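This report goes through selected features of one protein structure. The sequence and coordinates come first, and the notes follow.

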Amino acid sequence: RLAPRGRMNDLHYFDIQARKWHEVNVRNAPSERYGHTAVLDTQQRMWIFWAGNFWNSGWLNDVHYFDTKARQWHEVTAKNAADAPVGREGATAVLYGLEMWIFAGYNGGWLNDLHYFDIQAEMWHEVIASNAPSERYSHSAVLDAEQRMWIFGVKGRDDSDSQWVNDLHYFNLKAFNKDDPLPGRKTLP
């Protein structure tokens with residue numbers, strides 16, 4: 001449903017075999033928003049984090065999942081909610097095991113922080129990485145077979161002004177040592 005300024009909270013899926021879109025009508029959907037990010041876990045739950053921007057409420061950082069089998073929404077309150085990342089839009093996310101990794105975004109200011117949400121423990125963790133990519137939002141991210149989170153482009157910022165960027169970076173989640181205060185990250189030329 002279209003809400004003020006284009007924010008929506010409807011849910012659709014695409015049937016690949018039938019080549020057809022279907023709308024899923026459910027109750028208790030999160031509020032209308034845009035700029036959120038989502039991943040699908042192995043139990044067929046679609047997790048939505050940093051659920052974007054809402055018309056009069058600013059940037060949100062609530063956590064929800066949609067159980068695709070039961071067709072029900074659930075809100076999750078982190079056990080360490082005070083440590084949750086600031087609300088934002090335009091972040092990217094990948095799922096690594098039972099952790100949803102989130103990078104960057106925008107909330108009135110440009111961001112380049114890295115966090116993960118432990119789905120099983122329902123806890124947020126911030127990762128301070130050395131030589132992090134510049135601030136950005138609306139970029140793309142994927143997780144490769146070697147468990148590296150790759151990010152690319154798009155709207156970035158340098159010290160002087162905003163700019164379009166086409167840089168490519170990765171963070172090795174498999175090699176990440178949670179006890180290392182400055183884990184490594186690679187930048188490709």
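## Strands S7 and S8

Strand S7, residues 63-67, is joined to S8 by five bridges, and the two run antiparallel. His64 has Glu75 of S8 standing opposite. The model described here is predicted.

## The four-stranded sheet

S7 and S8 belong to an open sheet of four strands, ordered S3-S4-S7-S8, in which the pairing is antiparallel. At the edges are strand S3 (37-40) and strand S8 (72-76), each of which pairs on one side only. From one strand to the next, the twist averages 20°.

## Surroundings of Tyr96

Tyr96 is part of strand S9, which spans residues 92-96. Beyond its neighbours within four places in sequence, Tyr96 is in contact with Trp101, Leu143, Gln147, Leu173 and Lys174.

## A nonpolar surface patch

Which residues form a nonpolar patch on the surface? The patch is made up of Phe14, Ile16 and Trp21, which together have about 390 Å² of accessible area.

Ile16 sits in the loop between strand S1 (11-15) and strand S2 (20-24). Its relative accessibility is 66%, so Ile16 counts as exposed, the cut-off for that class being over 50%.

Notes:
Residues numbered from 1 in each chain as written. Predicted model: local features only at pLDDT ≥ 70, side-chain atom pairs only at ≥ 80, totals over all residues. Heavy atoms only, no water. Pairing = 2+ DSSP bridges. Axes fitted to C-alpha atoms, helices over the stretch in contact; angles between N-to-C directions. Contact = heavy atoms within 4.5 Å. Patch = residues over 30% accessible without salt bridge, like charges linked within 9 Å, V, L, I, M, F, W, Y side chains within 5 Å. Areas by Shrake-Rupley, 256 points an atom, 1.4 Å probe, with all protein chains shown as cover. Salt bridge = Lys/Arg side-chain N within 4 Å of Asp/Glu carboxyl O. Buried < 20%, exposed > 50% of the residue type's maximum accessible area, 1.4 Å probe, protein only.
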